[in-house]
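Colleague: I've just opened this one and would like a guided tour. Could you start with the sheet?

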Amino acid sequence: MKAILIIAHHCILPGAYKGFEEILDKLHHDLPGTRVASTSLLDLENDLRTLLREDVKSVTLLPFLLLNGQHAKNDVPRVVARLQAEFPQIPITLLPCLGDWKEFGDMVVEGVRNAQIASSQSTLGSTSPFESRTPSLAPRTPNPEPQTSNLLSVELNLEGRNVLVVGGGRIALRKVKTLLPTGARITVVAPQFDPEFENLSSKGESRPHSSHFIALKNRPYEPLDLRGIFMVFICTDQPAVNAQVSNDARARRILVNNACDYLDGDFIVPARMDFGENIAVTVSTQGRAPSLAKKLKQKILAEWGKELEQVEKEFHI
């Protein structure tokens with residue numbers, strides 16, 4: 001089996017990978033029998049080594065980069081050289097970055113030309129014949145229809161899983177309190193901590209094998225904090241730090257929850273209410289209105305709380 005591994009940067013903006021994913025799909029379709037995979041600059045060595053350990057006859061690497069800069073000239077070739085020496089029996093071919101492809105330059109010229117034609121024809125009130133070929137260059141009309149949710153409601157078993165919380169303020173504290181009953185192994189990284197963290201930490205450290213385990217690291221976030229992490233909660237008031245954590249986590253395929261920007265995250269945490277041991281009710285506003293979710297939670301607790309507790313007692317599970 002032949003393999004293709006595409007190396008890309010990572011971006012935290014929603015929808016940024018639409019075109020990239022379309023290329024992966026096209027390669028899957030047009031090259032049957034070839035394994036097509038993607039990786040990041042950060043995970044290249046680990047992912048390539050994993051691929052080479054499988055039943056592959058050759059690997060072709062495509063740096064999904066425009067500029068022939070530090071990554072394309074030095075970083076990627078160094079990794080390839082190391083692994084080629086480690087797996088001499090499997091040929092590894094490193095293609096040029098996209099910006100060095102002659103076809104890429106032709107595509108750019110054609111795209112600009114079509115955009116100019118579309119612009120001049122729209123001035124005359126006509127529709128561009130190139131519109132379907134260059135959809136990214138055409139203005140988009142907002143969809144008036146209501147958007148359906150793209151979120152899937154699930155309950156994850158986090159017992160024994162490593163979870164990272166970046167930030168030491170009240171928001172991070174609330175996240176940690178939500179996580180504690182799950183049995184996750186929680187690490188919190190921040191230059192400063194809310195005083196209440198010390199109480200949580202001392203309880204967790206006194207019982208390291210119990211369902212409550214929390215470790216505090218009193219320093220700024222470092223990328224190595226993500227080693228072995230299953231999911232990360234971003235809870236700082238520093239946009240640059242939040243972006244870095246999100247970018248680093250996605251490069252490692254780690255689930256992200258961004259308390260400051262729900263659109264950036266992979267998941268949200270709905271407001272949860274437990275009634276006895278067997279009934280849990282959650283309320284979600286799709287991350288758009290946390291204050292509304294809080295009000296709905298209070299309303300459910302006030303109006304239905306006693307009834308649900310009684311139902312839980314009477315219904316033997």
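**Sheet, helices and rings**

Modeller: Happy to. Five strands make up an open sheet, ordered β7-β6-β5-β8-β9, with parallel pairing. Strands (E, at least two residues) and helices (H or I, at least four) are DSSP runs, numbered from the N terminus. Two strands pair if DSSP finds at least two bridges between them. Keep in mind that this is a predicted model: local features need pLDDT of at least 70, side-chain atom pairs count only at pLDDT 80 or more, and totals for chains, interfaces and linings use all residues. Residues are numbered from 1 along each chain as its sequence is written, and side-chain values use heavy atoms, leaving out hydrogens and water.

Colleague: Which are the edge strands?

Modeller: β7 (213–218) and β9, each of which pairs on one side only. From one strand to the next, the twist averages 20°; axes are lines fitted to C-alpha atoms, for helices over the stretch in contact, and angles run from 0 to 180 degrees between N-to-C directions.

Colleague: How many bridges do β8 and β9 share?

Modeller: Four, in the parallel sense. I234 stands opposite N258 in β9.

Colleague: Which strands does helix α5 lie across?

Modeller: α5 (residues 170–179) lies across β5 (162–166), β6 (185–190), β7, β8 and β9, at about 165° to β5. Contact here means heavy atoms within 4.5 Å. Helix α7 (residues 239–251) lies across β5, β8 and β9, and its angle to β8 is about 170°.

Colleague: Changing topic: how many aromatic pairs are there?

Modeller: The structure holds two. F193 and F197 are edge-to-face, 5.4 Å centre to centre with 65° between the planes. Rings of Phe, Tyr and Trp (its six-membered ring) pair if their centres lie within 6.5 Å; planes under 30 degrees apart count as stacked, over 60 as edge-to-face and the rest as tilted.

Colleague: And why is the pair of F233 and F267 edge-to-face?

Modeller: Because their planes are at 90°, with the ring centres 5.5 Å apart. That pair links distant parts of the chain, 34 residues apart: F233 is in strand β8 (residues 231–234), and F267 is in the loop between β9 (255–258) and β10 (271–275).

Colleague: Are F233 and F267 buried or exposed?

Modeller: Both are buried, meaning under 20% relative accessible area; exposed is over 50%, and partly exposed is in between (1.4 Å probe, protein chains only). For the whole protein, 33% of the 317 residues count as buried.

Colleague: Which residue lies over the face of F230?

Modeller: R161, at 4.1 Å from the ring centre. R185 lies over the face of F213, at 4.2 Å from the ring centre. A charge sits over a ring if NZ of Lys or CZ of Arg is within 6 Å of the ring centre and within 35 degrees of the ring normal.

Colleague: Now helix α2. Which of its residues are buried?

Modeller: In α2 (residues 44–52), L44, L48, R49, L51 and L52 are buried. They cover an arc of only 160° around the axis, so they are on the same side of α2; the arc is that of the directions from the helix axis to the C-beta atoms. Among the elements covering them are β1 (2–8), β2 (34–40) and α3 (70–86).

Colleague: How many bridges join β1 to β2?

Modeller: Seven, and the two strands run parallel. V36 in β2 is the bridge partner of I4. β2 is mostly covered, with five of its seven residues buried.
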